[in-house]
Amino acid sequence: VIALVAALLVPALWSFRGGSTESLIESSSPNELTATSKALAESAVAENAAAADASTAEVPTSTATGQLDPDIQKSLANLDWKLITKEYPALTGTAAWADQKATLTATTLEKVKLLAKFDPTTQLYQAEVTSELDDARALLPELTSAKLTLKASGDLKNETHQGALTLLDIRYAAKESPTIQAKGQAGWDWPTQFSFQNLEVKRDDLEVKTSLTWKEGFANFSKLVIADTQGSLLTGQGSLPLPLQTRNLDDLLENNSPLDFSVKLAPTPLSRFVKDQPIEGTAEATLNISGTFAKPAINGTITATEIREPSLPDVPPGDLLVTLTTIDEELRLSGKLKEPSGDLFDLKGRFPLTPEKWIKDPNSLMDEPLAFTVNTPRIDLRRLQRFAPTVLDLSGIAQIKVKVAGTIREPALSGDAMIHADRARLSNSPISDFRNSKINLKFSNNTIAISPSQITAAGGTINFNGSVTLGETPLLDLSFRGKNTLLWRGADYSL
């Protein structure tokens with residue numbers, strides 16, 4: 001604002017320096033100034049309007065009146081101006097010097113207006129901006145709406161600033177991307193504090209709402225809500241240390257001020273998270289974040305109750321409880337899924353929680369060790385039906401143990417499984433009905449070893465064992481021994 005006022009006023013006052021200091025500039029002087037301003041504008045248009053005929057392009061003009069005094073601060077000046085560029089809409093306004101203060105106004109597209117005032121002696125300033133544009137693409141191609149008001153004031157000498165911003169409707173749509181919509185209020189009393197009140201940012205069906213105040217080096221969130229079209233998903237509140245001198249991640253990591261933030265998931269239907277499979281149940285969670293940015297601690301619980309698949313009405317519902325704790329920079333996880341008759345599976349694990357190391361060396365995250373175990377002492381095979389869609393009428397139980405070791409880059413899986421299938425039918429096999437089958441498996445990385453196992457099909461039995469090595473081309477090493485085994489059944493014969 002200061003630079004623009006100087007650029008407009010100083011040339012005008014300099015043009016008047018040879019006249020009488022007491023007389024109002026009239027007649028020839030304004031005309032001479034207008035001609036000079038127009039000639040300069042014509043030159044600029046001719047240089048920059050490569051895609052248009054400069055002779056027909058609109059040329060900005062300016063008119064000025066003033067009263068000069070040997071003491072320049074007692075002079076008066078008024079300038080009406082118009083600025084035209086090839087990229088943006090025309091900008092019109094006024095600039096004035098009176099009472100040792102500068103005033104600037106500007107308008108574009110009739111609905112965007114600026115008023116600015118500056119006192120060079122005290123270095124105090126005021127500014128107001130209003131925009132009521134339903135369509136702001138003339139200013140920025142991606143800005144489809146710009147409705148806002150801004151009021152600001154401050155002291156440049158003492159570096160203090162106050163103001164308020166109201167976003168009534170801001171809509172931004174980047175090419176081939178969903179529209180981002182924002183509204184809310186902001187206020188500041190810099191460098192003491194600033195705040196956002198009821199700030200809402202929406203993209204697609206996801207919306208974030210927040211109210212926060214930054215003061216004394218901490219961002220205090222009184223409200224943080226993440227929601228979709230069905231309502232709230234996550235809520236949060238608390239404080240995060242963000243000192244004024246913070247410039248990068250290293251500054252955050254060196255800050256030893258405590259984190260105090262909590263995130264909650266209110267009771268929410270599981271169907272909002274699992275879109276591709278019908279599932280019933282209710283999820284709920286509470287996570288507390290403490291410690292520091294370099295050494296955070298995460299503690300909390302995640303629960304899901306009455307978990308049920310509508311396609312399996314005879315299978316009892318299950319309840320899940322997962323507990324997270326942080327001990328000695330290590331995140332420890334413990335979980336259980338239960339049904340009325342007992343435990344379905346038990347999950348335990350731990351993982352290093354060292355964000356400082358990950359930030360300084362991102363590749364180190366991939367080399368962190370894994371240590372997780374999953375144990376299913378007894379699980380109804382009907383719960384696994386979705387993972388084997390070609391198997392029909394699956395019933396029985398399974399006992400599975402899985403160990404995950406290695407690193408994220410190179411995980412190592414091992415374990416065993418004992419499957420007792422009372423019945424299973426294949427949808428596209430002549431041997432369609434299997435009963436009283438017992439399969440024993442051991443696996444390590446990409447190799448599955450089959451211990452002596454047996455299946456009963458169409459009255460005959462098949463015993464088998466061997467191994468399967470998984471890969472782009474699986475390697476099979478299996479042996480089968482059958483008795484009274486049905487190999488084929490057709491309309492005309494069976495074998």
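**Reading burial, salt bridges and contacts**

Reader: Is Lys147 buried, partly exposed or exposed?

Author: Lys147 is partly exposed, with a relative accessible area of 27%. The labels work like this: buried means under 20% relative accessible area, exposed means over 50%, and partly exposed is in between (1.4 Å probe, protein chains only). Before we go on: this is a predicted model, where local features need pLDDT of at least 70, side-chain atom pairs count only at pLDDT 80 or more, and totals for chains, interfaces and linings use all residues. Residues are numbered from 1 along each chain as its sequence is written, and side-chain values use heavy atoms, with hydrogens and water left out.

Reader: Okay, salt bridges next. Which residue forms a salt bridge with Lys147?

Author: The general idea is a side-chain nitrogen of Lys or Arg within 4 Å of a carboxyl oxygen of Asp or Glu. Here Lys147 pairs with Asp134, and their closest N and O atoms are 2.6 Å apart. The two sit in distant parts of the chain, 13 residues apart: Lys147 in strand 7, and Asp134 in the loop between strand 6 (124–133) and strand 7. Strands (E, at least two residues) and helices (H or I, at least four) are DSSP runs, numbered from the N terminus. Asp134, at 48% relative accessibility, is partly exposed.

Reader: How many salt bridges does a search of the whole structure find?

Author: There are 14. Another of them joins Asp119 to Lys101, with the closest N and O atoms 3.9 Å apart. That pair bridges strand 5 and strand 4 (residues 101–108), 18 residues apart. Asp119 counts as buried because its relative accessibility is 12%, while Lys101, at 40%, is partly exposed.

Reader: What else does the side chain of Asp119 reach by a polar contact?

Author: A polar contact is a pair of N or O atoms within 3.5 Å; within protein, one must be able to donate a hydrogen and the other to accept it, and residues adjacent in sequence count only if both atoms are side-chain atoms. The side chain of Asp119 has one with the side chain of Thr122, at 3.4 Å. A polar atom of the Asp119 side chain also lies 2.9 Å from the backbone nitrogen of Thr121.

Reader: And plain contacts: which residues does Ser145 touch?

Author: Contact means heavy atoms within 4.5 Å. Leaving out residues up to four places away in sequence, Ser145 touches Leu133, Asp134, Ala136, Asp169, Ile170 and Arg171. Ser145 is in strand 7 (residues 143–155) and counts as buried, at 4% relative accessibility. A polar atom of the Ser145 side chain lies 3.2 Å from the backbone oxygen of Asp169.
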